[in-house]
Amino acid sequence: MFKGDLERKACEMLLEEIVGQDCKIDLFLTDRHKGIRYDIRTKFPEIQHEFDIWHLSKSVMRRMKVFDKKYPDAYLWKTSINNHLWWSSKTCKEDGLLFTQKFRSRTGGRRQLGTTNSAQSTRRRDKNQRLFFLFGEKYEKKLCELGLTNHYNNEPNFSLYAKMVTALAFVPIEDIDNALLSLSENLPDDVQPILDWFEDNYVGRMNRRGNGRRQPLFHHEMWNVYNRTLNQQDRTNNHTEAVHRRLQAELGMDHPTIWKLIDVLRKVQANRDFYYEHLVAGHNPPVKLKMYRDADQRILTIVWDYYNRDVVEHLRGIVHNYQINL
């Protein structure tokens with residue numbers, strides 16, 4: 001008759017039996033039982049012990065239940081967080097530190113987190129609520145894939161140089177080649193892979209003959225915001241994302257029926273019509289917070305002064321006015 005922790009004792013007996021028959025165990029998966037973890041680490045150090053991601057997923061979802069009463073909309077995030085957890089486990093290449101960085105980074109993007117467009121649109125908090133929507137998400141994901149998230153979050157100089165790659169969006173299209181060359185000459189070696197990725201996908205790699213560039217995956221006009229900044233136009237799709245959030249909040253589910261969708265669209269449109277009439281009546285739209293207006297003005301000043309500055313100084317000045325949190 002056994003007493004105490006039967007699960008721990010049974011696991012110990014099983015391993016002793018298998019090892020005693022000269023069987024080699026390459027990998028042993030269990031739940032997050034502290035006693036079993038201790039026994040394997042001390043009595044069977046040659047066995048690689050890992051946790052089953054299913055148990056971790058179950059634990060995370062159970063802990064999220066405490067938010068249901070305090071935050072009625074918390075359920076909208078559950079599936080997204082669970083999907084991101086599984087994606088982080090699948091793509092971490094059996095590296096525990098990389099798994100942690102991926103899960104904490106919120107960089108799974110719409111493909112991995114994606115249950116709705118609205119849930120993911122709030123996952124990044126730039127200082128002035130600006131994200132460069134065509135390559136901002138991919139930029140964060142690339143940092144995570146390269147294992148540079150920890151450097152980005154803890155080393156200010158590295159973060160500054162890494163963000164200067166995104167600031168190329170504020171350079172005139174006709175001067176991108178010169179800006180790219182100048183930046184590459186000033187970047188540290190550990191930031192160079194990010195610039196190479198940017199060049200391959202958004203600028204185009206130089207031809208072998210050196211007389212031109214290959215066609216980039218994304219044309220310059222799709223991500224460059226130099227002219228939009230000068231014209232004081234929106235540089236992002238935040239308005240569209242707000243519509244997605246509003247629609248998802250009204251739906252309250254990921255896969256509604258066509259009739260449910262039609263009813264919600266009618267309700268949302270009625271609210272928008274009311275708001276439109278509010279503006280027609282002479283009321284002003286909500287004013288942007290002062291810190292965001294100030295940041296926009298500083299960026300505009302720097303962009304206006306582009307041809308009077310060194311290009312690297314221009315990029316450095318831009319990145320001081322927004323923050324991309326991983």
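Modeller: The surface patch and its helix

Ile-258, Trp-259 and Ile-262 make up a nonpolar surface patch with about 340 Å² of accessible area together. Patch residues have over 30% relative accessible area and no salt bridge; like charges are joined within 9 Å, and nonpolar side chains (Val, Leu, Ile, Met, Phe, Trp, Tyr) within 5 Å. A salt bridge here is a side-chain nitrogen of Lys or Arg within 4 Å of a carboxyl oxygen of Asp or Glu. Areas are from the Shrake-Rupley method with a 1.4 Å probe, and for residues only the protein chains shown count as cover.

The model is predicted: local features need pLDDT of at least 70, side-chain atom pairs count only at pLDDT 80 or more, and totals for chains, interfaces and linings use all residues. Residues are numbered from 1 along each chain as its sequence is written, and side-chain values use heavy atoms, leaving out hydrogens and water.

Trp-259 counts as exposed because its relative accessibility is 63% (buried is under 20%, exposed over 50%, partly exposed in between; 1.4 Å probe, protein chains only). Trp-259 lies in helix H17, residues 258–280; helices (H or I, at least four residues) are DSSP runs numbered from the N terminus. H17 has 23 residues and spans 32 Å from first C-alpha to last, close to the 33 Å expected at 1.5 Å a residue, where the expected span is 1.5 Å times one less than the number of residues. Just after H17, Gly-282 has a positive phi of about 105 degrees.

Key: Helices (H or I, at least four residues) and strands (E, at least two) are DSSP runs, numbered from the N terminus.
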